[in-house]
Amino acid sequence: MPNDQVNVKTPSPVKEQTQTDGHDQQLSGDVYYPSPDVTQQARVKDWQAIADFAAQDLRGYWAKEAEELSWFQKWDEVLDDSDKPFFKWFAGAKTNIVYNCLDRYQKTGVQNKLAMVWVGEPGDVRTYSYYALNREVNQFANVLKAMGVKKGDRVTVYMPRIPEIAIAMLACAKIGAIHSVVYGGFSVDALQGRIEDSESRVVVTADGGWMNGKIVELKKTVDDAVRRCPTVETVIVVRRTHHEVKMESGRDYWYHDLMKLPVASGKCQTEVMDANDPLYILYTSGTTGKPKAIQHVHGGYMVGIYSTLKNVFDLRDEDRWWCAADPGWVTGHSYIVYGPLLVGATSFMYEGAPTYPYPNRWWSLIEKYGITILYTAPTAIRGLMRFGESWPNRHDLSSLRLLGTVGEPINPEAWKWYHRVIGKEKCPIMDTWWQTETGMFMITPTPTVPLKPGSGTRPYFGLTAEIVDDQGNPTPTDEEGYLVLTRPWPAMLSTIYRDPERYVRQYWSKYPGKYMTGDSAKRDVDGYYWIIGRVDDVIKVSGYRLGTAEIESALVSHPAVAEAAAIGLPHEIKGQAIYSYCILRAGHSPSPELAEELRQHVGQHMGPIARPEQVTFVEKLPKTRSGKIMRRVLKARAQGLPEGDVTTLEE
Ligand code: WT7
């Protein structure tokens with residue numbers, strides 16, 4: 001049962017010391033030191049002291065962070081590592097992340113604080129106090145229960161960027177159901193595969209969402225996907241755009257109708273969860289094959305994102321936090337939905353595109369809503385930079401005090417533009433490296449750490465990262481190698497849903513005892529890490545993680561295509577763009593029209609972000625003797641670079 005030890009204090013500083021961050025020594029390269037203003041106010045003042053403490057006492061550090069949250073029952077062990085790599089954080093503890101996000105604030109002053117300020121692309125505004133958000137989550141949790149959803153059941157959430165996506169996620173977690181959010185920019189094949197794999201009985205969606213002045217027809221995609229998914233019994237539809245959608249009787253229900261029913265009471269008991277019970281699954285692409293369902297749990301995940309958001313973005317009562325990601329990706333799960341509520345922050349959410357109707361949309365929102373911290377992706381910065389300084393300069397951006405970036409390496413030009421034009425040279429930029437799998441920021445500064453444009457600086461408290469060669473030996477300074485993580489952390493994935501063997505194989509087998517990130521990186525003389533990029537079959541398009549396998553299977557599903565390969569090549573705004581190579585079936589011949597048709601085909605099946613930049617028709621693809629496509633060779637050829645070791649090439 002929920003205990004009475006409600007902790008609603010603004011998170012307490014980890015350690016207060018006056019000295020700056022142990023970085024009095026001269027650093028090499030292009031370095032940005034924090035201003036005295038930032039240093040004086042920062043929650044984490046002595047970075048080095050905390051890092052040292054966490055390095056010596058990993059369990060002690062995380063126990064201290066965990067104690068700032070509420071638990072129905074305390075843990076027996078901070079970390080049970082008896083069954084590696086199935087690490088169990090806070091083993092034996094009972095909690096529910098939603099208790100810490102919402103319940104514990106009720107009957108305190110926090111219930112009157114704004115939890116969420118939301119703006120739709122057409123300009124409509126909605127706000128939720130902690131009180132109102134809690135009530136709506138309770139109501140929807142009761143609706144889900146009435147639909148037969150029980151602890152452990154999976155619910156697929158396929159929504160635009162509207163408050164109900166957070167409400168649906170929180171309602172699931174509250175009753176112990178496992179949400180599986182599918183990004184609203186994905187299309188029918190991607191959605192169908194994820195519904196099928198998770199065996200969801202309930203899908204929550206909307207009649208559409210606004211993006212670039214147009215309606216994204218989510219409901220139609222759900223209809224097409226669900227037709228082929230026998231497990232789905234119920235589809236709940238939020239009315240967002242009011243345009244007409246087909247409602248199938250006995251299967252489809254309007255959210256607003258259900259929320260008016262007597263069962264949808266504003267009170268709902270929060271399910272007591274084991275700290276290691278699953279909270280959600282989130283599909284992501286990796287090396288070959290189907291996307292994998294990354295599983296996160298209630299306890300450790302909650303502690304990890306609470307600690308990182310509090311310390312890295314230094315959230316305070318007066319802040320207005322804007323994480324401009326989509327809730328459908330891990331950034332949104334951790335730092336739009338759960339993290340801000342765990343620290344009791346006011347979080348801003350905007351539905352639409354940054355450049356609609358004009359390229360000043362974001363800057364005008366920052367001015368109007370007094371945003372103090374903006375967290376976005378390099379691709380967005382580069383996209384907005386293209387329109388020139390006059391757009392941001394038209395707005396008062398003086399409310400900003402911190403900036404953040406995530407998703408792909410940020411090029412120093414974009415970093416400097418962000419720092420100068422948006423941050424007016426007074427806002428430190430938190431370049432946070434992490435992954436769907438890590439759940440929380442991993443390599444990141446805190447506000448007082450001296451910054452180097454393009455580097456995420458050093459691992460967060462309690463973490464260690466190494467750069468190793470193929471044999472697992474550490475590489476020398478400034479030399480590229482594989483990035484691996486050598487100590488467990490609380491928000492780590494607990495497994496791949498229903499595929500523990502793949503979890504071990506994928507992440508822990510290449511270098512036993514070390515977590516393989518799939519990234520390459522180097523470390524400089526100051527111990528700063530520089531991420532270079534993925535070394536597997538992942539393509540990062542505008543920061544979105546896509547697998548070559550899914551794109552290739554969308555291409556091959558077209559009747560004209562016999563075989564296909566997809567690769568990522570550098571792109572000025574998107575970071576990487578997709579290039580594909582197709583071998584046609586007999587009876588089909590190459591033409592610009594067919595290339596365009598194939599591009600559209602992938603867009604319709606996978607989603608617009610997966611649409612290749614270019615489709616090239618080829619007679620042959622470079623393959624290994626065992627038949628694996630050598631994407632590395634394709635990439636080198638496309639860029640006119642040396643092809644490297646081709647001893648396994650079949651041709
Ligand atoms: C991959 C993970 C975790 C939030 C969004 C992405 C790349 C992520 C950075 C950064 C350089 C970055 C890596 C990583 N990445 N953040 N700050 N600097 N690269 O999550 O979709 O799971 O992708 O994104 O390649 O492995 P994701």
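## Helix α7 and basis of the model

Helix α7 is followed by E199, a residue with a positive phi near 50°. Within α7 (residues 188-198), the buried residues are V188, A190, L191, Q192, R194, I195 and S198. Buried means under 20% relative accessible area, exposed means over 50%, and partly exposed lies in between, with a 1.4 Å probe and protein chains only. Helices (H or I, at least four residues) and strands (E, at least two) are DSSP runs, numbered from the N terminus.

This is a predicted model, in which local features need pLDDT of at least 70 and side-chain atom pairs count only at pLDDT 80 or more, while totals for chains, interfaces and linings use all residues. Residues are numbered from 1 along each chain as its sequence is written, and side-chain values use heavy atoms, with hydrogens and water left out.

## The eight-stranded sheet

An open sheet is formed by 8 strands in the order β12-β11-β8-β6-β7-β14-β15-β23, with mixed pairing. The edges are held by β12 (252-254) and β23 (495-496); each has a single partner strand, so one side of each is left without a neighbour in the sheet. Two strands pair if DSSP finds at least two bridges between them.

Strand β6 (residues 154-157) runs parallel to strand β7 (residues 178-181), and 4 bridges join them; T156 has S180 of β7 as its bridge partner. On to β14, β7 is again parallel, with 2 bridges, and here H179 is partnered with Y280 of β14. The pairing of β14 with strand β15 (residues 292-297) is antiparallel and covers 6 bridges. Y280 stands opposite H296 in β15. β14 is largely enclosed by the rest of the structure, because 6 of its 7 residues are buried.

## Helices against the sheet

Helix α6 (residues 163-174) lies across β6, β7, β8 (202-206), β11 (234-238) and β14 (278-284), at about 150° to β7. Helix α11 (residues 330-342) lies across β7 and β14, and runs at about 145° to β14. Axes are lines fitted to C-alpha atoms, for helices over the stretch in contact, and angles run from 0 to 180 degrees between N-to-C directions. Contact means heavy atoms within 4.5 Å.

All of β17 (residues 346-350) is buried, 5 of 5 residues, so the strand is largely enclosed by the rest of the structure. T346, F348 and Y350 are on one side, S347 and M349 on the other, and both faces are covered.

Strand β4 (residues 114-119) pairs with β17 in the parallel sense over 4 bridges, and V117 has F348 as its bridge partner. Strand β16 (residues 320-323) is also joined to β17, by 3 bridges in parallel; W322 stands opposite F348.

The 14 residues of helix α10 (residues 299-312) should span 20 Å at 1.5 Å a residue, and the end C-alpha atoms are 20 Å apart, which agrees. The expected span is 1.5 Å times one less than the number of residues. In α10, 14 of 14 residues are buried.

D314 lies in the loop between α10 and β16. At 2% relative accessibility, D314 counts as buried.

Most residues other than glycine have a negative phi, and most peptide bonds are trans. D314 has a positive phi near 55°. R498 also has a positive phi, near 55°; it is found in the loop between β23 and α16 (500-508) and is partly exposed at 49% relative accessibility.

A cis peptide bond joins K84 and P85, with omega about 0°, and P85 is in the loop between β1 (77-80) and β2 (88-91). Another cis peptide bond joins Y356 and P357, with omega about -5°; P357 lies in the loop between β17 and α12 (361-369).

## Residue N96

N96 sits in the loop between β3 (94-95) and α4 (97-101) and is buried, with a relative accessible area of 0%. Leaving aside neighbours within four places in sequence, N96 is in contact with F72, A173, K174, T270, E271, M273 and H298. A polar atom of the N96 side chain lies 3.4 Å from the backbone oxygen of K174. A polar contact is a pair of N or O atoms within 3.5 Å; within protein, one must be able to donate a hydrogen and the other to accept it, and residues adjacent in sequence count only if both atoms are side-chain atoms.

## Ligand surroundings

Around the ligand there are 17 residues, of which D431, T432, T436, R534 and R545 come nearest. A residue is near a molecule or strand if one of its heavy atoms lies within 4 Å of it. An oxygen atom of the ligand is 2.8 Å from an N or O atom in the side chain of K540. A ligand nitrogen atom is 3.4 Å from a polar backbone atom of E408, and a ligand nitrogen atom is 3.5 Å from a polar backbone atom of P409.
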